[in-house]
Amino acid sequence: MNKIFPQGDANGNAAAGSKALPGGEADCSPCCYSRRGACLSAFLILLLTTLAALIALVAILGPPSRTPGAQACVTQMNRTGFLCNDRSSCIPASRVCDGVRTCAHGEDEEEALCRAVPQSLPGFLVAHCGDPASWIYSDQMCDGINNCGDCSDELSPVTTCLPCGPGWWPCPSTVFKYCSCIPRSLCRDHVQHCSDWSDEYSCPGP
Ligand SMILES: [Ca+2]
Ligand SMILES: [Ca+2]
């Protein structure tokens, strides 16, 4: 019959491996170490995920505004505007740094905002033309006026605008100022404004 020994060898020595270690790390099997490793990995993954989420947030929202307090708003004409310090006056984007104090306290003409236009302007006030060197104020997009000079602020592929508004007649303009719509006030005035003459022959009038 085989003799059964308690834990340890035939000389009565307790099995090594499972003895308490100095420093209080009690009874640690390989299983325990793997659990600790999993814990560490989970913590690292959480840390990396948080970091990635922060980076994504900055990428989506953009860097903090260059002008403290500068806020976007929508004007009564449904265009991008600049919110004055009174938090209620919303002035059109193109009134910022135009040399006229439009906000009651002149914050639209502040040195910090206007010292190196357009770089010193908050991004929401600026739009780019087809020629990357040219820019316009964001409220000048799709307003019917050829602000870029090549109509890229009014026409695809650079800009996608809604069809001509009720006060406008759709036609290819012969006038530099307009692009694909002319004001109806120019219809039937005996002067050609559309290359197809539709302003004089098809447009019902102002
Ligand atoms: Ca102004
Ligand atoms: Ca325009």
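UniProt, in an unreviewed entry, lists residues 163–201 as "domain: LDLRAD1-like C-terminal"; its positions follow the numbering used here, feature names are shortened, and annotations may be inferred rather than shown by experiment. What you're looking at is a predicted model, where local features need pLDDT of at least 70, side-chain atom pairs count only at pLDDT 80 or more, and totals for chains, interfaces and linings use all residues. Residues are numbered from 1 along each chain as its sequence is written, while chains are lettered from A and ligands numbered from 1 in the order in which they are written.

Back to that listed span: residues 163–201 are 10% helix and 15% strand, and their end C-alpha atoms sit 21 Å apart. (Helices, H or I, at least four residues, and strands, E, at least two, are DSSP runs numbered from the N terminus.)

Now for some strands. β1 (residues 72–74) pairs antiparallel with β2 (residues 80–83) over 3 bridges; strands pair if DSSP finds at least two bridges between them. Cys73 has Gly81 in β2 as its bridge partner. In this hairpin, 5 residues lie between the strands, and Asn78 in the turn has a positive phi of about 65°. β2 also runs antiparallel to β3 (residues 90–92), joined by 3 bridges, with Leu83 opposite Cys90.

What about the inside? The largest nonpolar core has 14 residues, and Phe82 and Leu121 are among those touching the most other members. Such a core is a set of buried Ala, Val, Leu, Ile, Met, Phe, Trp, Tyr and Cys residues joined through C-beta atoms within 7 Å; buried means 20 or more other C-beta atoms within 10 Å of the residue's own, placed from the backbone. A second, separate core of 9 residues includes Tyr178 and Cys181.

Terms used:
Buried ≥ 20, exposed ≤ 12 C-beta atoms within 10 Å, placed from the backbone.
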